[in-house]
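Here is a set of exercises to work through with the structure open beside you. Try each task yourself before you read its solution.

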Amino acid sequence: RLTGQEARRTPAGLRRVFDCGHFWHAYYQNILVAMQYAKAENVERTYTYDHEDGWLGRGTLDLIVDMPKGNQYIVDLKTMNDQEFDTGPYPLTLAKWTAQVNCYMHWTGIKRAFILCIRKGGSPGKGGLPAHDLREITIEYDESLIEDIYKKWSYVWQCVQDGNPPKAKTK
């Protein structure tokens, strides 16, 4: 719509995929709130980061979990197809998740996080594991990654301000 073009409709099959992901998010978020591991106000919480260079970073983390010994964790839920769940996330997928969750850790000051992977398929997992199994992937806070991300965002922001497209990287 921003370009003046009519918005495209999401195909029904893809809509079901998105709806499945939303279902699993709400299901586990509600369970963790009911078990008092998370507060309702820490579910689907949006943060805006105001960088000194003038750009804003914005994201909505899935939940902050309060562990019994007082530690807080950022938990990002990710539904995965059967094949990727069974073999582990693709390297590029894991890199994107790591960058995303590191931003959340930087913005909140909470330096512990993990991805809760949800196997969304309907077939049994490897070795007879449940069809809707779970797996945790710990995400370590990496200040150098944050610096790299922010440097790139600052570069793009400056290009926008100058009215010049960013230069494409060549290998």
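This is a predicted model: local features need pLDDT of at least 70, side-chain atom pairs count only at pLDDT 80 or more; totals for chains, interfaces and linings use all residues.

**Exercise 1. Work out why the pair of Tyr 49 and Trp 107 counts as stacked.**

Step 1. Check the distance and the angle: the ring centres of Tyr 49 and Trp 107 lie 6.1 Å apart, with 10° between the planes. Planes under 30 degrees apart count as stacked, so this pair is stacked.

Step 2. Find the partners in the chain. Tyr 49 belongs to strand E1 (residues 43-50) and Trp 107 to helix H3 (residues 91-108).

Step 3. Look at accessibility. Tyr 49 has 21% and counts as partly exposed, while Trp 107 has 15% and counts as buried.

Step 4. Widen the view. Tyr 49 and Trp 107 belong to a cluster linked by ring pairs, together with Trp 55, Tyr 104, Tyr 150 and Trp 153.

**Exercise 2. Find which side chains make polar contacts with the side chain of Ser 154.**

Step 1. Locate the residue: Ser 154 is part of helix H4 (residues 143-162). Its relative accessibility is 13%, so Ser 154 counts as buried.

Step 2. List the contacts of Ser 154, leaving aside neighbours within four places in sequence: His 51, Asp 53 and Trp 55.

Step 3. Pick out the polar ones. The side chain of Ser 154 makes a polar contact with that of Asp 53 at 2.6 Å, and another with that of Trp 55 at 2.8 Å.

**Exercise 3. How are H3 and H4 oriented towards each other?**

Step 1. Begin with the axes: those of H3 and H4 come within 10 Å and cross at roughly 95°.

Step 2. Angles of 65 to 115 degrees count as roughly perpendicular, and H3 and H4 are therefore roughly perpendicular to each other.

Step 3. See who makes the contact. On the H3 side, the residues include Thr 98, Ala 99 and Trp 107; on the H4 side, they include Ile 149, Tyr 150 and Trp 153.

**Exercise 4. Which rings have a charged side chain over them?**

Step 1. Go to Tyr 141: Lys 111 lies over its face, 4.3 Å from the ring centre.

Step 2. Go to Phe 85: the charged end of Arg 135 sits over this ring, at 4.2 Å from the centre.

**Exercise 5. Describe the surroundings of Asn 42.**

Step 1. Asn 42 lies in the loop between H1 and E1. A relative accessibility of 7% means that Asn 42 counts as buried.

Step 2. Not counting residues up to four places away in sequence, Asn 42 touches Leu 61, Asp 62, Leu 63 and Ile 64.

Step 3. Take one of these contacts. Asn 42 and Asp 62 are 20 residues apart along the chain, and their C-alpha atoms are separated by 8.1 Å.

Step 4. Val 17 and Gln 158 are 141 residues apart along the chain, with 37 Å between their C-alpha atoms. Val 17 lies in helix H1.

**Exercise 6. Summarise the whole chain: how many helices and strands does it have, and in what order?**

Step 1. Count the elements: there are 4 helices and 5 strands.

Step 2. Read them from the N terminus: α-β-β-β-α-α-β-β-α.

Step 3. The C-alpha atoms fill a box of roughly 55 × 45 × 35 Å along the principal axes, and 34% of the 171 residues are buried.

Step 4. Finish with the contacts. Of those with a separation of 6 or more, 57% are between residues 24 or more positions apart.

Conventions. Residues are numbered from 1 along each chain as its sequence is written. Side-chain values use heavy atoms; hydrogens and water are left out. Rings of Phe, Tyr and Trp (its six-membered ring) pair if their centres lie within 6.5 Å; planes under 30 degrees apart count as stacked, over 60 as edge-to-face and the rest as tilted. Helices (H or I, at least four residues) and strands (E, at least two) are DSSP runs, numbered from the N terminus. Buried means under 20% relative accessible area, exposed over 50%, partly exposed in between (1.4 Å probe, protein chains only). A charge sits over a ring if NZ of Lys or CZ of Arg is within 6 Å of the ring centre and within 35 degrees of the ring normal. A polar contact is a pair of N or O atoms within 3.5 Å; within protein, one must be able to donate a hydrogen and the other to accept it, and residues adjacent in sequence count only if both atoms are side-chain atoms. Contact means heavy atoms within 4.5 Å. Axes are lines fitted to C-alpha atoms, for helices over the stretch in contact, and angles run from 0 to 180 degrees between N-to-C directions. Angles under 35 degrees count as roughly parallel, over 145 as roughly antiparallel, 65 to 115 as roughly perpendicular and the rest as oblique.
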